[in-house]
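Dear colleague,

I am handing over the structure we spoke about, and below it you will find my notes. Please read them with the model open beside you.

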Amino acid sequence: MTRQFAIRLSCVLSAALLCPPAVFAQPVDDAALKLAEPDFTLIALPTALRLPKFGSAFRVTHRFTRPLGSGDFGDLAADFFGMDTGAQIGLEYRFGIIPSGQIGVLRTSDREIEFFAEYGIFRQGPGRWFEVVALASIEGGDNFKDAKSPALGAVVSRRAGDAVAFYVEPIWVNNSNPFPKEVVDHNDTFMIGLGARIRIRPTVYIVGEFSPRVSGYRPGSTQGGFAIEKRAGGHLFQINFNNGQGTTFGQLARGGFSDSLYLGFNLARKFF
């Protein structure tokens, strides 16, 4: 019995020395909460959070159209800080179709429809300090009847413990210029989204993002914003302030406004 045990122990130790650690690593649970990365978006930019297979998530985006800097404080208060005015609303649903892969659709109230897909390529872990997700989308106005704007990009992220997550997102958007190709100088946009989420309380975060266009079609001002959000179980509620109402890649490529900020909110719910 002692000899058999010694032989088995020798085999186990030999396998441990010859096989890489990943062979014995426990599988990553994509359904587990990542405290530094609780949601699939920052404000409008995506994160690297993966959706478990057959899991789903729903999000509502709401951007009021009244500039917070328009008129005096009395006028702003009379409109309840823009809440009495119109808004651009978006409804998004995403589904985990394969491990590390998700698809989804977003429709905004200006009749823009965006279909998107994301796939996780690298995970952050021992020996790799960052995570990479590939993304692709296509959108069209007038309920997807107008000219289509495809986009390709990536999300490169870094989580620092359970407190902070940083994001760099190179994204190319084709047909971002709504004018006919014959009368424009540029018909696509390359932008680099930058963002961060900081956990300041066990369930409270502050968020910031910025989407500078570095080449191609880039009218107006670069869209950016900041937010504060609260996580409650599978729900996440965010109040944000942006210089535009864009939530799709094509809308972000067309930029924001330079005159003021606009009040908005996101409401997200996970189903897994």
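Is Phe-241 buried, partly exposed or exposed? Phe-241 has a relative accessible area of 24%, so it counts as partly exposed. Please keep in mind that this is a predicted model.

Phe-115 is partly exposed at a relative accessible area of 40%, and Phe-144 is partly exposed at 24%.

Phe-226 and Phe-241 form a stacked pair, with 5.3 Å from centre to centre and 25° between the planes. This pair also links distant parts of the chain, since Phe-226 belongs to strand S11 (residues 224-232) and Phe-241 to strand S12, 15 residues apart.

Ring pairs also join Phe-64, Phe-237 and Phe-265 into a cluster. As for charges over rings, Lys-148 lies over the face of Phe-144, at 4.9 Å from the ring centre, while Arg-269 lies over the face of Phe-271 at 5.1 Å.

Finally, there is a nonpolar surface patch of about 540 Å², whose residues include Phe-237, Ile-239 and Leu-267. Strand S8 (188-201) and strand S12 (235-242) are the elements that each give two or more residues to this patch.

Best wishes

Terms used: Residues numbered from 1 in each chain as written. Predicted model: local features only at pLDDT ≥ 70, side-chain atom pairs only at ≥ 80, totals over all residues. Heavy atoms only, no water. Patch = residues over 30% accessible without salt bridge, like charges linked within 9 Å, V, L, I, M, F, W, Y side chains within 5 Å. Areas by Shrake-Rupley, 256 points an atom, 1.4 Å probe, with all protein chains shown as cover. Salt bridge = Lys/Arg side-chain N within 4 Å of Asp/Glu carboxyl O. Helix = DSSP H or I, 4+ residues; strand = E, 2+ residues; numbered from the N terminus. Buried < 20%, exposed > 50% of the residue type's maximum accessible area, 1.4 Å probe, protein only. Phe/Tyr/Trp six-rings, centres within 6.5 Å; stacked < 30°, edge-to-face > 60°. Lys NZ or Arg CZ within 6 Å of the ring centre and 35° of its normal.
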